Amino acid sequence: MKPLVQGVPRPVPHGDGDAWRIDRQVHRQRGPAWERPGARPVNPTEYRLRVVTPVDDGWQLAIYAGTRADEMALTGWPPAQCDAFVAQQHRAQQQHYARHFPRSVCQLILVGDAVAGRLWVDARADRLHILDIALLPGWRGRGLGTHCLQALAAGGRPLGIQVEVHNPARRLYERLGFVAEGEPQGLHQAMFKPAGAHSPQPEECLP
């Protein structure tokens with residue numbers, strides 16, 4: 001994982017509505033070139049992390065909206081209602097993390113000058129707990145999530161994460177050495193990766 005980099009130039013959406021519109025464009029693979037990265041795999045040396053600042057809230061909303069896009073598409077709601085609901089849920093998540101995990105660190109995942117996603121980690125006494133790892137739609141399936149998780153594991157500390165029981169990403173975590181920790185709690189399963197657990201090569205993992 002590369003050192004944190006401050007002041008990376010990037011297009012910054014302003015306001016909740018703009019961020020959600022940008023995400024819809026990315027999901028449809030439309031918009032300007034920076035919204036339509038190629039499909040080639042991302043090399044581990046190509047990405048870096050930067051701690052979020054208040055001006056990044058539009059990007060955070062766009063990333064969050066991307067995780068809810070498929071769900072929103074099934075509601076049949078008009079766009080304005082989807083926008084309002086996702087913005088409200090985004091704010092609730094931000095407030096929840098700030099209240100319950102005040103020492104956690106949220107970082108944008110950058111590839112070149114492009115925002116690709118975010119990684120939110122809470123350093124605990126017994127592990128690094130991944131509160132959230134999410135990528136914009138155009139950056140998924142290219143190995144970037146695998147690289148981020150492997151870089152965290154390379155630090156030598158155990159890792160933890162909560163995964164929805166039926167989330168296909170669970171297969172990625174299992175291939176990276178995560179195991180179920182206890183019984184599922186509702187729709188979520190706690191997963192744990194002991195320090196030093198086998199971390200397969202990227203070609204063995206879901207991209």
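Q: Why does Cys-106 count as buried?
A: In this predicted model, Cys-106 has 6% relative accessibility. Buried means under 20%. The value falls under that cut-off, so Cys-106 counts as buried.

Q: What makes Cys-148 buried?
A: Its relative accessible area is 1%. The cut-off is under 20%, so Cys-148 is buried. Cys-148 is also listed among the buried residues of helix α4.

Q: What makes helix α4 mostly covered?
A: Ten of its ten residues are buried. The helix runs over residues 144–153. Its buried residues include Leu-144, His-147, Gln-150 and Ala-153.

Q: Why is strand β3 called largely enclosed by the rest of the structure?
A: Nine of its ten residues, within 114–123, are buried, so the rest of the structure largely encloses β3.

Q: How do you know that β2 and β3 pair?
A: Pairing takes at least two bridges between the strands. Strand β2 (residues 105–111) and β3 have seven, in the antiparallel sense. The two strands therefore meet the criterion. In one of these pairings, Leu-110 has Val-115 of β3 as its bridge partner.

Q: What lies between β2 and β3 in their hairpin?
A: Two residues. In the turn, Gly-112 has a positive phi of about 65 degrees.

Q: What makes β3 and β4 a pair?
A: They share seven bridges, in the antiparallel sense. At least two are needed, so β3 and β4 (residues 128–135) pair. Trp-120 stands opposite Asp-132 in β4. A hairpin of four residues joins β3 to β4.

Q: How do you know that the span of α3 agrees with its length?
A: Helix α3 has 22 residues. At 1.5 Å a residue they should span 32 Å. The end C-alpha atoms are 31 Å apart, which agrees.

Q: Which residues of α3 are buried, and what puts them on the same side?
A: The buried residues are Cys-82, Asp-83, Val-86, Ala-87, His-90, Gln-93, Gln-94 and Tyr-97. They cover an arc of only 125 degrees around the axis, which puts them on the same side of α3. On the other side, Ala-80 and Arg-99 are exposed. An α-helix has 3.6 residues a turn, so residues three or four places apart point the same way.

Q: Why does Gln-93 count as buried?
A: Gln-93 lies in α3. Its relative accessibility is 16%. That is under 20%, so Gln-93 counts as buried. Leaving aside residues up to four places away in sequence, Gln-93 touches Tyr-64 and Arg-118.

Methods:
Residues numbered from 1 in each chain as written. Predicted model: local features only at pLDDT ≥ 70, side-chain atom pairs only at ≥ 80, totals over all residues. Heavy atoms only, no water. Buried < 20%, exposed > 50% of the residue type's maximum accessible area, 1.4 Å probe, protein only. Contact = heavy atoms within 4.5 Å. Expected span 1.5 Å × (residues − 1). Arc of directions from axis to C-beta.
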